[in-house]
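Dear colleague,

I am handing over the structure we spoke about, with a short account of what was found in it. Please read the notes alongside the coordinates.

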Amino acid sequence: MSFDIDATLQRGERAIPCRFTAPAGITALVGPSGVGKSSVLEAIAGLLRPTAGRILVGGTVLYDSAAGVDLPPEARACGMVFQDLRLFPHRRVRENLTYGEMLAPAERRFLSLDEAAAFLDIAPLLGRRPRTLSGGEAQRVAIGRALLSGPRFLLMDEPLTALDDARREAIILVIERIRDQLALPILLVSHDRVDVARLADQVVELRP
Amino acid sequence: MGMTADEWGIVMLSLQVSLAAICGAVPLAFVLAWALARLRFPGKILLDGLVHLPLVLPPVVIGWLLLIAFAPDGPGGRLLALFGVSVLFRWTGAAIAAAVMALPLMVRAIRLSLEAVDPRLEQAARTLGAGPWRTFATITLPLASPGVLAGAVLGFARSLGEFGATITFVSNIPDETRTLPLAIYAALQLPGGDSAVWRLAALAVVLSLGALVASEALTRASGQGRGSHVL
């Protein structure tokens, strides 16, 4: 199992029970808005500590309250693509892309900067500042930054919202290529049933 | 309007005192600003109040408290005595007084710039493999640096004008603690000191204005249009 999650999250007053397993490929996490889909991604990335439970990805224990395991985010090797992208405003596109790359151990790097730039069609953007990018360009840079950090799996929060149809199609192709060519397990959050039907190999529904 | 050698000496002493003051105060101000911006701890309101005290207390009270603290039997005086140092009636004492008085301004500027750094960017850095220290050095500090620089220059300008705490703490000793404001005060006491007062006052305006402009320019230059203005 790629993702093996059985944990309770706390977001404000609300407890979010979350339990699912997912094999390799693309798993879509769906559910009504406010149900805590993004919180689940944050918990897997190590940005939100569950109140209890276990989180395993690819057989590696990332969090286990009973065993006292709680890896910090930097030790989880997750490629997180945030909904709000979070590109570093003081670094050019190239320095955004290489930020995680230079920190990744050599054996985890499966992509070079040039390969990633070609793969995502962002080579002409390398010298630009993030604030000068369009939504689709910034989205691809954010995906590239995550891929170059040598992740063992990808977490993508609403990667297709805020994109026009043409860009949307381009990102869908990118995500499928990541699955097929790079063989990374992907957990993505989406509220769009059409996208989910198109992309997901399996669907996990989070209920309130 | 020729400057006398004495007057140049006063300017150089003022710059020396102010520079020493901000060199000591910036690291302290940064730690305080960081704690106030990022940490939650009991007594935070008290610390916030203490940091701001020099802004609202009569400067003469700060000078008197420093005098007590750094007197030979005071806590600061005893500590410095271990190193064979005393700051009483020395320019180093003037620097301490200036640092204490400039601290609230610097903490405010640095705190604002730290609060303007989006913690979500720091989270992004963590997921990319950066530990807390590397995240601080590569994300937090560069994004906050315009505010830190502006705070330092603002503190420098404030130090140049420090009067009340200085004269109370280290007196008004020529060539040792007589900085620009104290020299103006001394000249005012002398009959016929008017022309000296004019020259020194003009100098004070030029230096202070220069520091303020530099502070704003630094904010803009290193902010490259993305930093928030502190002034």
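Two residues are taken to be in contact if their C-beta atoms, placed from the backbone, lie within 7 Å. This is a predicted model, in which local features need pLDDT of at least 70 and side-chain atom pairs count only at pLDDT 80 or more, while totals for chains, interfaces and linings use all residues. Residues are numbered from 1 along each chain as its sequence is written, and chains are lettered from A and ligands numbered from 1 in the order in which they are written.

Between the chains, 18 residues of chain A are in contact with 14 residues of chain B. On the chain A side, β7 (78-81) and α2 (93-101) each supply at least two of the residues that touch chain B; helices (H or I, at least four residues) and strands (E, at least two) are DSSP runs, numbered from the N terminus.

Strand β7(A) also pairs with β8 (residues 153-157) of chain A in the parallel sense over four bridges, where pairing requires that DSSP finds at least two bridges between two strands. Within this pair, Val81(A) stands opposite Met156(A) of β8(A).

Strands β1 (residues 3-11) and β4 (residues 52-57) of chain A run antiparallel and are joined by six bridges, with Ala7(A) opposite Gly53(A) in β4(A).
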